[in-house]
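Subject: Structure for you to look at

Hello,

Here is the structure I promised to pass on. Please open it beside this email and follow along.

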Amino acid sequence: MNDRLVLIADNDAETLRMFEAAYGGQQFRTTTATDDQQALKIARTERPELIVTDLCMAKLDGFSVVEQLKRDPETAAIPVLAITAQPYPELQQRVRSAGFDALLIKPVSATTLVDVARLLFERAALLRQRSTRLLHRGAALRERSAEVQRDTIAVRAAVEEPQPSPSVA
């Protein structure tokens, strides 16, 4: 069984079943939420590797969910896939601005769901690798900076030491 957990947030039971079957058929573990508050709670406690959320849910919409997830350092790196059956001209820009990683318009095939999930998993892995590399480079730069500061202090101390005056014979 695949250890990748996918959180599916949608208030439509049929959609939940279809998405669970699509991901389950590829051996992904799934958990579901039927509203935004439940989705946020599960995201924070179970830390899925992908969140698939409908843009139109009860209480808050998917935009509010992703904005709250991206503000929280504990969930900010989780890829979020937006799903909607109601596209409109500005949707793509709004989705991108809100922090979603991808957008699919219903109806969506199982193959497309799984393919996009795999792409988002790969992208997240690449971003983690890049972040790790940058953290290591940052640590190396901080260490080198500390060495330069120590050397600078040593040089200044040597220059400022009083020099013995030459003795007169």
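First, a term: a residue is buried under 20% relative accessible area, exposed over 50%, and partly exposed in between, using a 1.4 Å probe and protein chains only. This is a predicted model, so local features need pLDDT of at least 70, side-chain atom pairs count only at pLDDT 80 or more, and totals for chains, interfaces and linings use all residues. Residues are numbered from 1 along each chain as its sequence is written, and side-chain values use heavy atoms, without hydrogens and water.

The overall picture

The protein has 5 helices and 5 strands. Both are DSSP runs numbered from the N terminus: helices are H or I with at least four residues, strands are E with at least two. In sequence order the pattern is β-α-β-α-β-α-β-α-β-α. The radius of gyration is 26 Å, well over the 15 Å that the globule rule gives for 169 residues, so the protein is more spread out than a compact globule. That radius is taken over C-alpha atoms, and the rule is 2.2 Å times the number of residues to the power 0.38. The C-alpha trace spans about 105 × 35 × 30 Å along its principal axes. Of the 169 residues, 35% count as buried.

Contact means heavy atoms within 4.5 Å. Take the contacts between residues at least 6 apart in sequence: 62% of them join residues at least 24 apart.

The cores

A nonpolar core is a set of buried Ala, Val, Leu, Ile, Met, Phe, Trp, Tyr and Cys residues joined through side-chain atoms within 4.5 Å. The largest one has 22 residues. Which of them touch the most other members? They are Leu 7, Ile 51, Leu 55, Phe 63, Leu 69, Val 95 and Phe 100. Strand S1 (5-9), H2, H3, S4 and H4 each supply at least two residues of this core. Apart from it lies another core, of 20 residues, including Phe 28 and Leu 120.

Look at Ile 51 next. Beyond its neighbours within four places in sequence, Ile 51 contacts Leu 7, Ala 43, Leu 69, Ile 78, Pro 79, Val 80 and Leu 81.

Helix H3 covers residues 62-71, and its buried residues are Gly 62, Phe 63, Ser 64, Val 65, Val 66 and Leu 69. Their cover includes helix H2 (36-46), strand S3 (50-54), strand S4 (80-84) and helix H4 (91-98).

Leu 16

Leu 16 sits in helix H1 (residues 13-24). Is Leu 16 buried or exposed? Leu 16 is buried, at a relative accessible area of 8%. Setting aside neighbours within four places in sequence, Leu 16 contacts Ile 8, Asp 10, Thr 32, Ala 33 and Thr 34. Leu 16 and Ala 139 are 123 residues apart in sequence and 44 Å apart in space, C-alpha to C-alpha.

Backbone details

Gln 27 is not a glycine, yet has a positive phi of about 70°. Gln 27 lies in the loop between H1 and strand S2 (29-33). Gln 27 is partly exposed, with a relative accessible area of 41%.

Arg 47, also not a glycine, has a positive phi of about 45°. Arg 47 lies in the loop between H2 and S3. Its relative accessibility is 39%, which counts as partly exposed.

Finally, a cis peptide bond joins Lys 106 and Pro 107, with omega about 0°. Pro 107 is in the loop between strand S5 (102-105) and helix H5 (110-160).

Best wishes
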